[in-house]
Amino acid sequence: MSEVLTELGAILEQRRQADADSSYVASLHAKGLNKILEKVGEEATETIIAAKDAQHSSDNSEVIYETADLWFHSLVMLSHLGEPPQAVLDELARRFGMSGLEEKAARQHNG
């Protein structure tokens, strides 16, 4: 999975420099962080609705599709802020050895 994210991160960086008229990613960057965040929020909402629908229909295809959109736009957000996908993978790896409760307590103590 990390190979896919690394490759996607590299593609997003390339497209960030592209002409905004020819690249969706470049057009998001040109519109700025607020527009990117708007897309992340929109995709998060669509993912939530798709998950609720999947629970009732037992068809997960739409929630998978919407989650891919959410991840994609989250990666665009990170790119805009100068962070590669590896930064999130590193954070997940750091948490891997902790229980969820330990991780939450560490965040509250450090935050």
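Contact here means heavy atoms within 4.5 Å. Helices are DSSP runs (H or I, at least four residues), numbered from the N terminus. The model is predicted: local features need pLDDT of at least 70, side-chain atom pairs count only at pLDDT 80 or more, and totals for chains, interfaces and linings use all residues. Residues are numbered from 1 along each chain as its sequence is written, and side-chain values use heavy atoms, with hydrogens and water left out.

In the contact between α1 and α4, Leu5, Leu8, Leu12, Glu13 and Arg16 of α1 meet Phe72, Leu75, Val76, Ser79 and His80 of α4.

Ser79, in helix α4, is buried at 2% relative accessibility (buried is under 20% relative accessible area, exposed over 50%, partly exposed in between, with a 1.4 Å probe and protein chains only). Leaving aside residues up to four places away in sequence, Ser79 touches Glu13, Arg16 and His29.

A salt bridge is a side-chain nitrogen of Lys or Arg within 4 Å of a carboxyl oxygen of Asp or Glu. The count by this rule is six.

Arg16 and Glu13 sit three residues apart in helix α1; Arg16 is partly exposed at 26%, as is Glu13 at 35%. Lys39 and Glu43 lie four residues apart in helix α3 (residues 33-57). Lys39 is buried at 14%, and Glu43 is buried at 3%.

Methods:
Helix = DSSP H or I, 4+ residues; strand = E, 2+ residues; numbered from the N terminus.
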